[in-house]
Each structure stands twice: as C-alpha cells, then as structure tokens.
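Please read the following report alongside the sequence and the model. It moves from a single helix to the strands and then to an aromatic contact.

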Amino acid sequence: MNSEWNSHTGYPGNGLRPDRHRGSSIRRVDVLREVIASLCAQPGRTIWTLFGTVLGVAVFVAVTGIVQTATGQISDGFSQLEATTVRVTDQEPKLAGDASLGFPIDTAERLCNLNGVSDATLMWIVDDEAHPLSIATDPYTQASTLPGYSVIAADSHVAGFADHGMTAGSALGPFQVDTGVRAAMLGSQTAKRLGITDLTVPRTIYLGGESFSVIGVMSSSSRIPQLDTSVVIPDTVALDWLGAPTQRNPARAVASTEAGAASLIARQAPYALRADAPERALADAPQDWSKATRGVRKSMTGLVAGLAALSLLIGCVSIASATMASVTERIPEFGLRRSLGARATDIALQIIAETAVIGVIGGLLGGNIGLVIILVVSITQSWTAVVDLSLLLLGPLIGVISGVTAGICPAVRASRISPIGALQHG
C-alpha cells in the first residue's frame, strides 16, 4: 500500500479520504458550541455578516406590508364608496325637441323615501356649448370661462355630498331653492382659484355677467368629484334662466345608500322617478370591485415574489462573501480540528450551521425593522396597518434559506482543508 502523502491535499497518495470510513470523535453538541463560540469570538464580523440579511429582509417586509396596507386602503375606499352609491341618468329624450327636465323637481325627496337611501340629490352640469358662462369676481372684468371649471344646477341636498361639509359659509337651503334666490356655492378648487376663502365679508361672483351671492364653500366630494371644480346654483334658478338640461348634459340623480342596499335601489329608482317611463331613467348599479382589482392583486403578488428573490440574493451575497473570508482566516483552526478527529462533514456542518444561525438572526431583526417601518408609515398616513402573519414568518425563513444557500460554497472549501494543508498555509 502506498503510504506517501500528497503534500497539497494532506491525504494518502492513493487519493482516498480515510475519514469516509471512520466515525467522528466530534459530537453534534460540540459543533453547536463551536458555532456559538465562533460567532461570539468576532462580534464585528458577525454584525457585518448580518447587515446584508437584515437589510434585504427589512426591505422585503416593509415594502410588502406597505403595499398590502395601501392596497387595502384603496380597496376599502372603493368598496365603501362605490357599493353605496347609485347614479340615475336621464336617457336621451325619445322625441325631438323634448326639452323637459326629465326628472321631477322633487327627485331627492322621492329617492329618500326609498328604504335604504340615506341622502340623494338632483343635479346637472350646465352645457358650456349651449351656455358658455364666464366666471368672474368683478363685473367690469372681461373674464372667459375657466377651463376645467363648470356651473352645476342642483337642489338643496347637494351639500350633503361634500365629504366634510362646508368649509366656509352655509349651504343652499330650501328657501334659496324654492324662492329662486340667486345664490351660489363654490367647490373647494373653484374657491381657491377665485381667491374666495373667507365669507365673513359678503362676496359676489358673476356668471355670464349675472350676479350671484356666494353663500358657502364646500369641501371636496368623493361621490361627486365634479363639485370640487364647480359653481353650484339652485336648479330652479337654472331652469328659469337657462332652461332645461340638454341632451349633452342631461339631468342626473345621485343617491347614497346603506351598505347592501345599492343594488335594490338601482332597480327601484327608475320607477320612483319615472313611473310613466322607467326605461328613460338609467340606473348604474355598483360595480364588482373584486374583479376590477384582481389584476392589481396579481401584480402585487408578482412584486412580492420579486422582492423575496431580491432579499434572498442580497442575504446570500452578504453571508457568502463574509463567510468565505472567515474560512480563509480560520484555515489553521480547521486543520487543527481535522487533526483532532473532525471529519470533513463536521467542518462543513459547522460552517453551514454558522451561516444558518446568522440567517435566522438577520431574518428576525430584519422582520422586526420592517414591521416598525410599516407601522410608522401607516401612522403618518393615518392608515390602518395590514400585516399578514405569514409575512412575519417569511423573514426568518428567507434568512435560513439565505444562510444555508450562502454557506454551501464556504463549507465545501473548509471541508477540503487538511492538517498538512493547514500547516503549509500557516
């Protein structure tokens, strides 16, 4: 038998590794102790190795949680708003020259009498082609129609659709509407554009040269966004002054309902408004936002998967580079362990155990940091934080996978170190 030793590998000249055929004198508990001792021996190196995993997992958890939270806020907002809103539009008149209002003047009262309707209003946008009304605060100013702004005729219920009520002054009341007083309310953007924010002093605007007293400024409206950029005048005034709505901008009723009642109201409203011709009143039933947001959720799933892969890559690269440098520094140590009876698998197991522990710790720290970021962002945005419990478990799991994956190459290299090779290196 050839008893010469290969000076490079430290194994017999026949190339056989004798530790494959013998048991190890190193117990598993000893390996665990060495792992802990190794990590604690150089805390600076351990912390630096943790950095990449902590960063990757924190980014993954934070971004994923923020996306879920934001999506939840949007989805809840759409669901609550659209599922409780019914819009009824006057269809184009069947007879040429039919210039009737289309809906009864007491539309809001009729809809509010339906069980499940909390508020309703009748309104229409004044046709800017048939009636190009200029908007000015000075009667002597040659003002043109403000681009993007409109004049809306509505009843006294319209102010109830402002999200936060009136920001200044008071709303149109039954008195102004019934008596045909030339009063006006301004949307939030219109008031800002005209520079009218304080109504402690009476203000007047001029629509097409006709004066209207500004009695109030409305806050923004989620159900009727057009109100934000409009001047609202009583519908009775619009009928007497400009005539009925045109086919281009027909009359429309908007109703807010109790949760679950919108579909029923959408079926009942045409008969409540036009019992003689219900087909003329087209009611829009609430949409199924679960189908509309399905594509968004699918895209979010792909984004989460991409973030998980990126976090895994960052953790792997960080742990692998730091561990490879550590193996190079510890060649004499591994050579000594081999001479004391440790097998190559024992050395490899120790390296993988070290990287796995680093991955778990990094995953836990990164997950907690990501959770804190989610809470901070949610608080600053006044959101309700949405944190999936599985997301908190993914942090340590990503850390373990990163650690074990990153430890394979350093473990293979460390396992090939022989006592003779360690002496030559030292």
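## Helix α7 and its buried side

In helix α7, the buried residues are Ala-262, Ile-265, Ala-266, Ala-269, Pro-270 and Leu-273, where buried means under 20% relative accessible area, exposed over 50% and partly exposed in between, with a 1.4 Å probe and protein chains only. They span an arc of only 135° around the axis and therefore lie on the same side of α7, the arc being that of the directions from the helix axis to the C-beta atoms. The face turned away from this buried side carries the exposed residues Arg-267 and Tyr-271. The buried residues of α7 pack against β1 (85–90), α3 (107–112), β2, β10 (252–257) and β11 (281–284), with contact meaning heavy atoms within 4.5 Å.

Helix α7 covers residues 262–273, and its twelve residues reach 16 Å from the first C-alpha to the last, close to the 16 Å expected at 1.5 Å a residue; the expected span is 1.5 Å times one less than the number of residues. Helices (H or I, at least four residues) and strands (E, at least two) are DSSP runs, numbered from the N terminus.

## Basis of the model and overall content

This is a predicted model, in which local features need pLDDT of at least 70 and side-chain atom pairs count only at pLDDT 80 or more, while totals for chains, interfaces and linings use all residues. Residues are numbered from 1 along each chain as its sequence is written, and side-chain values use heavy atoms, with hydrogens and water left out.

The secondary structure of the protein comes to 13 helices and eleven strands, and buried residues make up 43% of its 426 residues. Among contacts between residues at least 6 apart in sequence, 81% join residues at least 24 apart.

Strand β10 is largely enclosed by the rest of the structure, because six of its six residues are buried. Arg-252, Val-254 and Ser-256 point one way from β10, whereas Ala-253, Ala-255 and Thr-257 point the other way, and all are buried. Strand β1 runs antiparallel to β10 and is joined to it by five bridges, with Val-86 standing opposite Ala-255; two strands pair if DSSP finds at least two bridges between them. Strand β2 is also antiparallel to β10, through six bridges, and the partner of Asp-119 in β10 is Ser-256.

Strand β4 (residues 150–154) is mostly covered, with five of its five residues buried. Ser-150, Ile-152 and Ala-154 lie on one side of β4, and Val-151 and Ala-153 on the other. Strand β2 (residues 117–125) pairs with β4 in the antiparallel sense over three bridges, and Met-123 stands opposite Ala-154.

## Helix α6 and the aromatic pair

The buried residues of α6 are Asp-235, Thr-236, Val-237, Ala-238 and Leu-242, and what covers them includes β2, β4, α4 (174–179), β8 and β9. The structure holds one aromatic pair. Phe-212 and Trp-241 form this tilted pair, at 5.5 Å centre to centre and 40° between the planes; rings of Phe, Tyr and Trp (its six-membered ring) pair if their centres lie within 6.5 Å, and planes under 30 degrees apart count as stacked, over 60 as edge-to-face and the rest as tilted. Because Phe-212 lies in strand β8 (residues 210–218) and Trp-241 in helix α6 (residues 235–242), the pair ties together parts that are 29 residues apart in sequence.

Phe-212 is buried, with a relative accessible area of 0%, whereas Trp-241, at 24% relative accessibility, counts as partly exposed. The charged end of Arg-182 sits over the ring of Trp-241, 5.2 Å from its centre, the criterion being that NZ of Lys or CZ of Arg is within 6 Å of the ring centre and within 35 degrees of the ring normal.

## The loop after α6

Gly-243 follows α6 and has a positive phi, near 95°. Pro-245 is found in the loop between α6 and β10 and counts as buried at 12% relative accessibility. Leaving aside neighbours within four places in sequence, Pro-245 is in contact with Leu-101, Trp-124, Leu-239, Pro-250 and Ala-251.
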